[in-house]
Amino acid sequence: MLRHEFQPGRLVVGVFLTVTGIAYAGDAADWWHIESFAAAPVMVAGLFLAGVTAALARAIRRRGRAPKS
């Protein structure tokens with residue numbers, strides 16, 4: 001397997017998408033009831049947190065590099 005750069009923003013988006021999918025799957029299986037508009041605030045919050053996480057990760061990576069001379 002090829003090594004790749006860890007991207008925490010994508011991890012956050014994946015977690016929020018998974019939670020939303022599980023919530024709607026539970027609704028489809030009649031385990032609980034989810035309103036149809038519930039996904040929008042969850043996804044907006046997830047995208048916002050992913051953006052903040054990605055920006056912080058980039059800032060930390062840029063700060064850790066040695067300056068080029």
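These questions and answers walk through a predicted model.

Me: What are the ground rules for the model and its numbering?
Reply: The model is predicted, so local features need pLDDT of at least 70, side-chain atom pairs count only at pLDDT 80 or more, and totals for chains, interfaces and linings use all residues. Side-chain values use heavy atoms, with hydrogens and water left out, and residues are numbered from 1 along each chain as its sequence is written.

Me: How do the axes of α1 and α2 run, roughly parallel or roughly antiparallel?
Reply: Helices here are DSSP runs (H or I, at least four residues), numbered from the N terminus. Axes are lines fitted to C-alpha atoms over the stretch in contact, with angles from 0 to 180 degrees between N-to-C directions. The axes of α1 (residues 8-28) and α2 (residues 39-64) come within 7 Å and cross at roughly 165°. Angles under 35 degrees count as roughly parallel, over 145 as roughly antiparallel, 65 to 115 as roughly perpendicular and the rest as oblique, so α1 and α2 are roughly antiparallel.

Me: Is T20 buried or exposed?
Reply: T20 sits in helix α1. Leaving aside neighbours within four places in sequence, T20 is in contact with A39, V42 and M43. The cut-offs are under 20% relative accessible area for buried, over 50% for exposed and partly exposed in between (1.4 Å probe, protein chains only). T20 has 13%, so T20 is buried.

Me: How far apart in space are A45 and V13, C-alpha to C-alpha?
Reply: A45 lies in helix α2. A45 is partly exposed, at 34% relative accessible area. A45 and V13 are 32 residues apart in sequence, and their C-alpha distance is 9.6 Å.

Me: What sort of aromatic pair do W31 and W32 form?
Reply: Rings of Phe, Tyr and Trp (its six-membered ring) pair if their centres lie within 6.5 Å; planes under 30 degrees apart count as stacked, over 60 as edge-to-face and the rest as tilted. A search of the whole structure finds one aromatic pair. W31 and W32 are 6.2 Å centre to centre, with 55° between the planes, and the pair is tilted.

Me: Which is the accessibility class of W31, and which of W32?
Reply: W31 has 64% relative accessibility, so W31 counts as exposed. W32 has 39%, so W32 counts as partly exposed.

Me: What is phi of D30 near?
Reply: D30 is found in the loop between α1 and α2. D30 is exposed, at 69% relative accessible area. Most residues other than glycine have a negative phi. D30 is a residue other than glycine with a positive phi, near 60°.

Me: Which residues does F6 touch?
Reply: F6 is in the segment before α1. The C-alpha atoms of F6 and R65 are separated by 16 Å. Not counting residues up to four places away in sequence, F6 touches L11 and R61.

Conventions
Helix = DSSP H or I, 4+ residues; strand = E, 2+ residues; numbered from the N terminus. Contact = heavy atoms within 4.5 Å.
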